[in-house]
Amino acid sequence: MNAKPEMRLEAPELRRIFLQRQGLADDPGRRISHDDVRGMVRRLGFVQVDSVNTVERAHHMILFSRSQTYRPKMLHRLLEKDRALFENWTHDAAVIPVEFWPAWRHKFDRDARKLKERWRSWRREGFEELFDGTLAHVAERGPTRTRDIADKANHKPGWWDWKPEKTALEYLWRTGELAVCRREGFEKIFDLAERVIPEEHHRAELDHDAFVDWCCQEALGRLGVATSGEIAAFWGILAPDEAKRWAEKGAGRDLPRVEAGCIDGSRPRLALADPSVLETDPSDIALPQRLRVISPFDPTIRDRKRAMRLFGFDYRIEIFVPEPKRKYGYYVFPLLEGDRFVGRIDMKRQGPGGPLHVRRVWWEPGVRRSKGRVQRLESELERVRRFCGASEVTWEPDALD
């Protein structure tokens with residue numbers, strides 16, 4: 001990208017543009033429908049699915065932060081009845097608009113090669129020999145879970161200790177032969193993809209160039225302004241050099257180049273902008289001033305380096321960090337106020353119908369623990385309490401110290 005930049009945007013302007021495109025400039029108190037939830041997922045591009053349920057599962061928290069009238073049954077209907085979304089993989093498991101399936105066919109092909117090599121190295125021998133039998137079982141008997149085909153006599157416990165049968169199911173899902181038709185108790189239930197994905201999407205194809213162009217255009221539209229590396233990282237599908245060539249060629253798109261400033265005052269980066277950015281005055285973007293709890297898997301903070309550059313917010317989920325080395329806690333939620341991440345909170349719902357218990361709140365450097373800010377936090381926790389079905393909000397005595 002050697003073209004002269006058309007304008008310079010500073011970090012506060014860039015983050016307001018980004019938050020608007022991520023649905024966080026909308027009124028979080030507005031009432032939404034199933035169609036609105038579908039539109040919300042499409043606007044985000046994907047919503048990460050995660051099993052950890054300290055308050056509510058990540059995918060539900062991501063959508064709730066954008067509308068407090070969202071309820072999990074809305075997503076379940078879109079996935080399991082309407083077939084408006086499907087579940088597969090971006091950087092991790094995610095729900096994805098079903099019209100994106102043709103692009104995912106390229107990811108299936110890429111993952112087919114990578115996963116065989118990776119899973120062989122993890123000593124999951126024997127799973128490849130089970131592909132034909134697994135597909136035949138699902139074709140004949142319909143929706144299938146691991147326990148339906150597992151060899152229970154050879155079961156070995158452990159989250160990552162997959163048996164060949166489970167590995168075969170997961171591989172066939174990751175490569176598009178199978179699809180998740182529903183979940184029960186968060187356990188995936190698989191069926192043939194052709195019986196889950198509507199035919200018009202299942203049969204559609206994109207050639208390689210159209211696929212790369214789609215990935216880059218769609219990523220840039222959701223980021224607003226981005227480097228080629230950020231564009232490549234958005235979906236977790238493209239190789240960095242594919243996005244770099246796309247950015248350098250321009251391919252007749254005449255995309256504007258801008259200088260993207262950094263919150264720490266370091267050297268700005270040359271980046272691409274979605275054309276509509278040039279028509280946007282960031283000061284006109286009205287952001288809700290309420291304080292909101294954000295999921296650790298929210299797409300606004302998935303790219304850690306980008307979050308640092310735009311917000312000055314260094315967030316790392318510490319689930320896999322040994323407890324003595326954790327800086328904050330096992331599952332700590334960022335706190336967003338307007339266009340700033342102002343803190344983080346460690347909280348947990350203590351059993352079904354139990355209290356939502358706050359262990360600790362940390363405010364970011366330079367953020368005052370004012371009476372108004374604490375009141376906004378308490379209001380947000382009351383909204384979260386109602387959403388997750390907790391009985392009350394309780395606090396550790398020194399949680400706000």
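Predicted model: local features only at pLDDT ≥ 70, side-chain atom pairs only at ≥ 80, totals over all residues.
Local features need pLDDT of at least 70, side-chain atom pairs count only at pLDDT 80 or more, and totals for chains, interfaces and linings use all residues. Residues are numbered from 1 along each chain as its sequence is written, and side-chain values use heavy atoms, with hydrogens and water left out.

Start with the rings. The whole structure holds 25 aromatic pairs. Rings of Phe, Tyr and Trp (its six-membered ring) pair if their centres lie within 6.5 Å; planes under 30 degrees apart count as stacked, over 60 as edge-to-face and the rest as tilted. Phenylalanine 297 and tyrosine 331 make a tilted pair, 6.4 Å centre to centre with 50 degrees between the planes. Phenylalanine 297 sits in the loop between β10 (291–293) and α14 (304–311), and tyrosine 331 in the loop between α14 and β11 (332–337), so the pair ties together parts that are 34 residues apart in sequence. Helices (H or I, at least four residues) and strands (E, at least two) are DSSP runs, numbered from the N terminus. Both phenylalanine 297 and tyrosine 331 are buried. Buried means under 20% relative accessible area, exposed over 50%, partly exposed in between (1.4 Å probe, protein chains only).

Tyrosine 328 and tryptophan 362 have ring centres 5.1 Å apart and planes at 80 degrees, so this pair is edge-to-face. Tyrosine 328 is partly exposed at 24% relative accessibility. Tryptophan 362 is buried, at 15%.

On a 1 Å grid over the protein atoms alone, a cavity is a set of points where a 1.4 Å probe fits but cannot get out; lining residues have an atom within 4 Å of a point. Grid points are joined across faces, edges and corners, and a volume is the space filled by probe spheres set on the points. The search finds 3 cavities of 30 Å³ or more.

Arginine 306 lies over the face of phenylalanine 18, at 4.6 Å from the ring centre. Such a charge has NZ of Lys or CZ of Arg within 6 Å of the ring centre and within 35 degrees of the ring normal.

The second largest cavity holds about 40 Å³. Glu230 and Arg306 are among its lining residues. Here α14 gives the most, with 3 residues.

Conventions: 1 Å grid on protein atoms, 1.4 Å probe; cavity = no way out; pocket = protein on both sides within 12 Å on 5 of 7 lines; lining within 4 Å.
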